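Subject: Structure handover

Hello,

Here is the structure I said I would pass on.

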Amino acid sequence: MRERAIQGLSALLLIAMPLVLAGAAMVWSTTRMLDGISSSVDAQEHARAWEAVNSGFESARDHLAGMAEDNAHWDDAVIHAGTVPDAEWIDGMWGITTQDSNYDAFFLVRPDGTTLSSYVNGVKDRSTAQAFFGQRLGKLLGDLPQDSSIFETKTSLMLAGGSVYSVVAAPLVPNSEATRRVDGRTNMVVFGHRISPDDLAKMGRQFIVDGLTLVPGKNEGAGGSVLLDAWGAPVATATWTDRKPGVAARNEYAASAFALLLALIAVMLPVS
C-alpha cells in the first residue's frame with residue numbers, strides 16, 4: 001500500500017508537476033505578450049492624439065490667416081487704414097466684430113510698431129498690441145515683408161492674460177491695380193483669437209481627443225505635450241485623457257486566454 005502511494009506520488013511529480021510548470025510558463029509568457037501589445041497600442045494612440053492636437057491648433061491658425069487675408073489684402077482696407085486711419089470705418093469693420101467667433105482682439109499697428117487702434121471683446125481698448133501680446137509680437141511683425149507690394153500673413157500661438165491665443169499679423173496691401181500702392185511699408189493688422197474651453201471641446205470632438213485642456217507655459221508635471229510658438233519657444237502644455245485601447249483589449253482577452261490555457265492543461269493531464 002505504501003509502495004503504491006509512493007508510486008502515485010512519483011507519477012504526480014513526474015507528470016503533473018511539469019504540466020503545472022509548463023502552464024505557469026505559458027501564463028507568464030501570455031501575460032508578457034498581452035502587456036507588450038497593450039503598451040504598444042496605447043503608445044500609438046497617445047502619439048495619434050498628440051498629432052491630432054497639433055493638427056487642431058494648426059487648423060485654427062490657418063483659419064485665422066485666411067480671415068486676415070480677406071480683411072487685409074483688400075483695397076478698402078488700404079484706403080481706410082493703410083496710412084491715415086478712418087476711426088469710424090475701423091470701428092464698424094474690425095472693432096465691434098471682436099465679439100464674434102472669429103477673433104477676440106484686433107490691433108492696427110504702424111510699421112514702427114506703434115498701436116493706432118485696439119479692440120478687445122467688442123470694446124475699444126487702451127492696450128497696445130505689444131502690451132497685450134508681449135515682446136513676441138514685435139518679432140511676428142518684423143517677419144512680415146518690408147515691401148508694401150507683397151502680401152503675406154504670419155501666425156503663431158501666444159499667451160495673453162493667462163490665456164492662449166492664436167495670433168495672425170498681416171500688412172494692408174491692395175488687391176487691385178486701381179488702388180495706388182503706398183510707398184514704403186503700410187500699416188499692419190493683428191487679429192487674435194483666444195482658445196476657449198468651448199474651442200478645446202470642439203477640437204476634442206473633431207479629432208477624437210478626450211478631456212483636452214491647456215496649461216499656460218511649459219508644465220513638466222502636467223503629463224502632457226508642449227505647444228510651441230512660431231520660433232520654437234513653449235507657449236502652453238496640452239493635456240488630455242488617453243483612451244488606452246490596449247488596456248481595454250488586454251482586459252477583454254486576458255480572461256479568455258487564461259481560460260484556454262487551463263483547459264489545455266486539463267486536457268493534457270489525463271492524456272499524460
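The notes below go through the pocket, the cavity, the aromatic residues, a sheet and one loop glycine.

Please keep in mind that this is a predicted model.

Pocket

The largest pocket holds about 460 Å³ of space. Its lining consists of 18 residues, and those nearest its centre are Ala60, His63, His193, Asp199 and Lys202. Which elements each supply at least two residues of that lining? They are α1 (2-72), β6 and α6 (197-207). By residue class, the lining of the largest pocket has eight polar residues, five nonpolar and five charged.

Cavity

There is one cavity of 30 Å³ or more in the structure. The space in the largest cavity comes to about 30 Å³. Its lining is made up of Pro145, Gln146, Asp147, Ser148, Pro171, Arg185, Thr186 and Met188. These divide into three nonpolar, three polar and two charged residues.

Aromatic residues

How many aromatic pairs does the structure hold? The count is 12. One of them joins tryptophan 89 and tryptophan 94 in an edge-to-face arrangement, with 5.1 Å from centre to centre and 85 degrees between the planes. Both residues are on the buried side of the cut-off, which is under 20% relative accessible area. Tryptophan 89 counts as buried because its relative accessibility is 16%, and tryptophan 94 counts as buried at 0%.

Tryptophan 94 also pairs with phenylalanine 191: the ring centres are 6.5 Å apart and the planes stand at 85 degrees, so this pair is edge-to-face. Tryptophan 94 belongs to helix α3 (residues 87-95) and phenylalanine 191 to strand β6 (residues 188-194), so the pair ties together parts that lie 97 residues apart in sequence. Phenylalanine 191 is buried, as is tryptophan 94. Strand β6 has come up already, as one of the elements that supply at least two residues of the lining of the largest pocket.

Sheet

Three strands make up an open sheet, with antiparallel pairing and the order β7-β9-β8. Why is one side of β7 and of β8 left without a neighbour in the sheet? β7 (210-216) and β8 (225-228) are at the edges and each has a single partner strand, so one side of each has no neighbour there. From one strand to the next, the twist averages 30 degrees. Between β7 and strand β9 (residues 234-241), the antiparallel pairing runs over five bridges. For proline 216, the bridge partner in β9 is alanine 236.

Loop glycine

Glycine 161 sits in the loop between β4 (154-160) and β5 (163-171). Is glycine 161 buried or exposed? Its relative accessible area is 85%, so glycine 161 is exposed, the cut-off for that being over 50%. The C-alpha atom of glycine 161 is 7.7 Å from that of phenylalanine 132, and the two residues are 29 residues apart along the chain.

Regards

Terms used:
Residues are numbered from 1 along each chain as its sequence is written. This is a predicted model: local features need pLDDT of at least 70, side-chain atom pairs count only at pLDDT 80 or more; totals for chains, interfaces and linings use all residues. Side-chain values use heavy atoms; hydrogens and water are left out. Two strands pair if DSSP finds at least two bridges between them. Helices (H or I, at least four residues) and strands (E, at least two) are DSSP runs, numbered from the N terminus. Axes are lines fitted to C-alpha atoms, for helices over the stretch in contact, and angles run from 0 to 180 degrees between N-to-C directions. Buried means under 20% relative accessible area, exposed over 50%, partly exposed in between (1.4 Å probe, protein chains only). On a 1 Å grid over the protein atoms alone, a cavity is a set of points where a 1.4 Å probe fits but cannot get out, and a pocket is an open set with protein on both sides within 12 Å along at least five of seven lines; lining residues have an atom within 4 Å of a point. Grid points are joined across faces, edges and corners, and a volume is the space filled by probe spheres set on the points. Ala, Val, Leu, Ile, Met, Phe, Trp, Tyr, Cys and Pro count as nonpolar, Asp, Glu, Lys and Arg as charged, and the others, Gly among them, as polar. Rings of Phe, Tyr and Trp (its six-membered ring) pair if their centres lie within 6.5 Å; planes under 30 degrees apart count as stacked, over 60 as edge-to-face and the rest as tilted.
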